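Dear colleague,

I am passing on the structure we spoke about, and my notes on its disulfides follow below it. Please read them with the model open beside you.

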Amino acid sequence: MKKLILLALTLCAFASWAQEKDEPSVPQGMTQLKAEDLLDNMDFDPSKVPANAAGEVKAEDLPSTAIPLVEYVIDSSGSMGQLMGPKKTKIYVLKKLLARYLMSQWTEKTSSGLRVIGSRRKKDCKDNYLAIEPGQSKLGAIEGIVKGFEPVGMTPIGQALKDAYKDVEHYKGPKRVVLFTDGEETCGQDPCKIAAELSGKDVDLKFFVVAFGLQNQPDILDKLACIGDMNQADDEQKLEELFQELDKQLNPGKNLFVSSPQPNATVFLFRAESPNEIYRKFHASQGIEVPPGKYLAIVNLKPKYKFSEFTIPPRKKVTLKVGGYGFFQANFIEKLMKIELLDSNRKVVKRFTSDVRVPLPTGKWAIRLYRDPFFEKTLENYLIVPNAEYTYDVQEAGALVVEDPKVRGIYVYDGRFALLGNHLTNVPLVLGKGVYEVRVDEKCVFKDVIMGSNSGLVKLDCSKVKNDQ
């Protein structure tokens, strides 16, 4: 009897091991969204946020375009549990961007449908369900629905395309089906043939495919490209860009946009008659569709940025542009560091020095810190938000001066005794963090000069060399 029990336990353990071997294991917590992944909550009193007069409001004609009904088909099969980056799985990245996107683009008039495959059961080709019915979803339910996806099962793409068409075929206008997947059909159907047959039935139907995490897998990409318009994303940034590109085609009716130095900042929208009650919230980069009327908006930057009352006229598109100045100061030594503010084309926008507080225009910039001929460093994508204070302590360099009764040439060597260049006595120079040798002549040599941890200007005196060496 004991042997039978032992055998049964062994078989159960083997079956469990085999099942785990068939399905990719997902590290615990790798698929769960956190609060910071979604739209921010309003944790402030909007009446206490002052309006910023530098904000711009621009209105232009809204193109007269038929609004499509869209259904997204989400692959939540087992392979979506694979890591895409440090501590991030494919499904985690997709859930994060999808939740933000759906919550931003939702409107009272209609909402996109959402069909999910492979998220409930292993090895079940019928694991394909409508999570959000087109035109019927509630904004508050989107977050919870998307959070529930888990990378579990098979990839029945063909059947999902058939069902997605059934979900939208009643709609009189254009119909769009967007497939997000990281793999090919695993349930024996031919998605390309199915997509072609459905497109032949309905001239207002169009398929899009976003191939996710399939870098260097041309065979699978070929099997997906024939379904519809093909897009490829191999990291989170590219996927987010694709969401924005697709959004322009899928939601042409949006009439409110926000140009923000931080594109992912949450925008809180209020009706003018209810200035303390949130009407909508969305990511600045995605825009929304709202009824014509009067509104106020707060962009959740640090500090917060408020647009006073503005109007969205009928058949107009309004863009709110965050403007103004933030304040920047680089701390170094006696204004010795020169600084340039560079735009995306590396064109100089402004020049100033360290140790001075200067106003800089809103945006993302490159900030070049330099002192010829020995030091240069560039801070890339430096975000400047209106009314914010920015301080940068330059710890990557130090400064020294060789004091001498006469102005003479000096030679600067690095730690490997390679000549870096020439300079002059009595003129301060800036060197990157490290150990140097400074030589004036055979009688005036300073060895092991440490730069980078100095609180002030290092002074070297040739008359004291014998005492120091």
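**Disulfides in the model**

C444 and C462 form a disulfide in which the two sulfur atoms lie 2.1 Å apart. The link is left-handed, with -85 degrees about the S-S bond, and the pair connects distant parts of the chain, since C444 belongs to strand β28 (residues 444-451) while C462 sits in the loop between β29 (458-461) and α8 (465-468), 18 residues apart. Both C444 and C462 are buried.

Please bear in mind that this is a predicted model, with an average pLDDT of 88 for the protein and with 91% of the residues scoring at least 70. The exception I would point out is the stretch of residues 1-23, where pLDDT stays under 50 and for which the model has six contacts beyond four places in sequence. Where pLDDT is low, the predicted coordinates should not be read in detail.

A search of the whole structure finds three disulfides, and, with bonded cysteines counted along the chain, they follow the pattern 1-2, 3-4, 5-6.

Another of these disulfides is formed by C125 and C187, whose sulfur atoms are 2.1 Å apart, and this link is left-handed, with -90 degrees about the S-S bond. C125 lies in the loop between β5 (113-117) and β6 (128-132), and C187 in the loop between β7 (175-181) and α5 (191-201), so the pair ties together parts that are 62 residues apart in sequence.

The remaining pair is C192 and C226, which form a disulfide with their sulfur atoms 1.5 Å apart; the link is right-handed, with 45 degrees about the S-S bond. This pair, too, links distant parts of the chain, with C192 in helix α5 and C226 in the loop between α6 (218-225) and β9 (229-233), 34 residues apart. Is C192 buried or exposed? At 16% relative accessibility C192 counts as buried, because the value is under 20%, whereas C226, at 43% relative accessibility, counts as partly exposed.

With kind regards

Conventions. Residues numbered from 1 in each chain as written. Predicted model: local features only at pLDDT ≥ 70, side-chain atom pairs only at ≥ 80, totals over all residues. Heavy atoms only, no water. pLDDT = per-residue confidence, 0-100. Contact = heavy atoms within 4.5 Å. Disulfide = S-S within 2.5 Å. Helix = DSSP H or I, 4+ residues; strand = E, 2+ residues; numbered from the N terminus. Buried < 20%, exposed > 50% of the residue type's maximum accessible area, 1.4 Å probe, protein only.
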